[in-house]
Amino acid sequence: MNRFYPVSARHWFTMERLEIHSNGSVAYFNVSEITGPSIYSFHCQYVSSQSKKGSLLVPATQPFHWQMTLQDFQIQAFNVTGEQFSYASDCAGFFSPGIWMGLLTSLFMLFIFTYGLHMILSLKTMDRFDDHKGPTITLTQIV
């Protein structure tokens, strides 16, 4: 399917279904998460029905007896010229979990540093100092 989205001002393709025919049986997978701009191709390191590899392939019927993993998967729906794929829209997110953890930890430590700096800068000195040449300061206890 090719649909225009005004927000991105582009046409995007969506792969709706994957059919696999093998030995007289047919397997259907819903793959609506495979999308990309129509002028690009879609690339993903793993397209799999297994949850540990992202589960982009969702079985269309239950119970399902097929397990499918496609490595280095790339598809282009429109604007195919020659035998080369165009620039690939990759399925990997911009931020990995490690980058998120590093950013959150850095922000937390920056907050602690800012709080500590604020505490240090808000220290007030005493109004009166003990003058060693004059009489000593005596503080009486008020009860």
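Gln50 is placed in the loop between β6 and β7; helices (H or I, at least four residues) and strands (E, at least two) are DSSP runs, numbered from the N terminus. The model is a predicted one, in which local features need pLDDT of at least 70 and side-chain atom pairs count only at pLDDT 80 or more, while totals for chains, interfaces and linings use all residues. Residues are numbered from 1 along each chain as its sequence is written, and side-chain values use heavy atoms, with hydrogens and water left out.

Gln50 counts as partly exposed because its relative accessible area is 24%; buried means under 20% relative accessible area, exposed over 50%, and partly exposed in between (1.4 Å probe, protein chains only). Leaving aside neighbours within four places in sequence, Gln50 is in contact (heavy atoms within 4.5 Å) with Ser55, Gln67 and Thr69. The C-alpha atoms of Gln50 and Thr69 are 7.5 Å apart, although 19 residues separate the two along the chain.

The domain assignment of the chain gives domain 1 (2–92) and domain 2 (95–123); such bounds come from an automatic or database domain assignment. Between the C-alpha centres of domain 1 and domain 2 there is a distance of 40 Å.

The largest nonpolar core has 15 residues, of which Leu18, Phe29, Val31, Ile34, Val47 and Leu57 touch the most other members. A nonpolar core is a set of buried Ala, Val, Leu, Ile, Met, Phe, Trp, Tyr and Cys residues joined through side-chain atoms within 4.5 Å. At least two residues of this core are supplied by each of β3 (17–22), β4 (25–30) and β6 (41–48). The most is given by β6, with 3 residues. When residues up to four places away in sequence are not counted, Leu57 touches Leu18, Phe29, Asn30, Val31, Val47, Ser48, Ser49 and Met68.

Leu56 lies in the loop between β6 and β7 (58–59). With a relative accessible area of 13%, Leu56 is buried. Not counting residues up to four places away in sequence, Leu56 touches Asn30, Val31, Glu33, Cys44, Tyr46, Val47 and Ser48. Leu56 and Asn30 are 26 residues apart along the chain, and their C-alpha atoms are separated by 8.3 Å.

A further loop, between β5 (35–37) and β6, holds Ser38. Ser38 is classed as buried because its relative accessibility is 5%. Its contacts, leaving aside neighbours within four places in sequence, are Asn2, His11, Trp12, Phe13, Phe78 and Asn79.

Within strand β6 lies Gln45, a partly exposed residue with a relative accessible area of 42%. Leaving aside neighbours within four places in sequence, Gln45 is in contact with Leu70, Gln71, Asp72, Phe73 and Cys91.

Asp72, one of the contacts of Gln45, lies in strand β8 (residues 69–75). Although Asp72 is not a glycine, its phi is positive, at about 50 degrees. Asn23 likewise has a positive phi of about 50 degrees without being a glycine. The position of Asn23 is in the loop between β3 and β4, and at 82% relative accessibility Asn23 counts as exposed.

The structure holds 1 salt bridge, a term for a side-chain nitrogen of Lys or Arg within 4 Å of a carboxyl oxygen of Asp or Glu. Glu19 forms a salt bridge with Arg17, and the closest N and O atoms are 2.6 Å apart. Glu19 counts as partly exposed at 33% relative accessibility, and Arg17 also counts as partly exposed, at 48%.

Phe94, Phe95, Ile99, Trp100, Leu103, Leu104, Leu107, Leu110, Phe113, Leu117 and Leu121 make a nonpolar surface patch of about 1200 Å². Patches are made of residues with over 30% relative accessible area and no salt bridge, like charges being joined within 9 Å and nonpolar side chains (Val, Leu, Ile, Met, Phe, Trp, Tyr) within 5 Å. Accessible areas come from the Shrake-Rupley method with a 1.4 Å probe, and for residues only the protein chains shown count as cover. Leu103, one of the patch residues, lies in helix α1 (residues 97–121). Leu103 counts as partly exposed because its relative accessibility is 37%.
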